[in-house]
Amino acid sequence: MTIDAFTLAQRFIGVAETAGTMSTPQVLAFLRLDNPTIADDATPWCSGFVNYIAWLLRLPRSKSLAARSWLAVGTPVALAEARQGFDVVVLWRGDGPQPGPEVLAAPGHVAFFASCVGETVYVLGGNQGDRVCVEGFPVARVLGVRRLA
């Protein structure tokens, strides 16, 4: 039986940060795969989650907790050609427009492509409202889509 990244990631829906001084062990595992010095789950962990799923499936991965690091992984594809189970979406994060995809050292978010409806792209990712879930983002925030498999 073959499992794709989106299907595996769905199994983690509901994993969330722990409020206060405690940390969720699963979130720490996502983070510590690529940075063993992380102390708590308050560290942004969207890239940690995507790296963890890719690692479990032996897919190419960024090995970085920086979301925009995924712009250098896999093969670029157009958003209109994005496929659930195979692709990650990299978005800019923050107030107002951010630098383009050529700037990897800037705020970002990365998650697995779920669907695109109108001007909204839906992604399954970690650290979306401090948990793993599907959430919609404006298409205008998409910096790139990368095919991992």
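Here is a walk through the aromatic rings of this structure and the helix beside them.

First, some ground rules: this is a predicted model, so local features need pLDDT of at least 70 and side-chain atom pairs count only at pLDDT 80 or more, while totals for chains, interfaces and linings use all residues. Residues are numbered from 1 along each chain as its sequence is written, and side-chain values use heavy atoms, with hydrogens and water left out.

Let's start with rings. A pair of aromatic rings is described by the distance of the centres and the angle of the planes. Here, rings of Phe, Tyr and Trp (its six-membered ring) pair if their centres lie within 6.5 Å; planes under 30 degrees apart are stacked, over 60 edge-to-face, and the rest tilted. Searching the whole structure turns up eight aromatic pairs. Take Phe12 and Phe30: their ring centres are 5.8 Å apart and their planes sit at 70°, so this pair is edge-to-face. Phe12 lies in the loop between helix 1 (5-10) and helix 2 (25-32), and Phe30 lies in helix 2, so the pair ties together parts that are 18 residues apart in sequence. (Helices, H or I with at least four residues, and strands, E with at least two, are DSSP runs numbered from the N terminus.)

Phe12 counts as buried at 13%, and Phe30 is buried at 0%.

Phe12 has another partner. Its ring and that of Phe49 have centres 6.0 Å apart and planes at 80°, so they are edge-to-face too. Phe49 belongs to helix 3 (residues 46-56), so this pair ties together parts that are 37 residues apart in sequence. Phe49 is buried as well, at 0% relative accessibility. Ring pairs link Phe12, Phe30, Trp45, Phe49, Tyr52, Trp55 and Phe112 into a cluster.

Now follow Phe49 into its helix. Nine of the eleven residues of helix 3 are buried, so the rest of the structure largely encloses it. Among them are Gly48, Val50 and Ile53. What covers the buried residues? The cover includes helix 1, helix 2, strand 2 (87-92), strand 3 (108-117) and strand 4 (120-125). After helix 3 comes Arg58, whose phi is positive, near 60°.

Methods: Buried < 20%, exposed > 50% of the residue type's maximum accessible area, 1.4 Å probe, protein only. Contact = heavy atoms within 4.5 Å.
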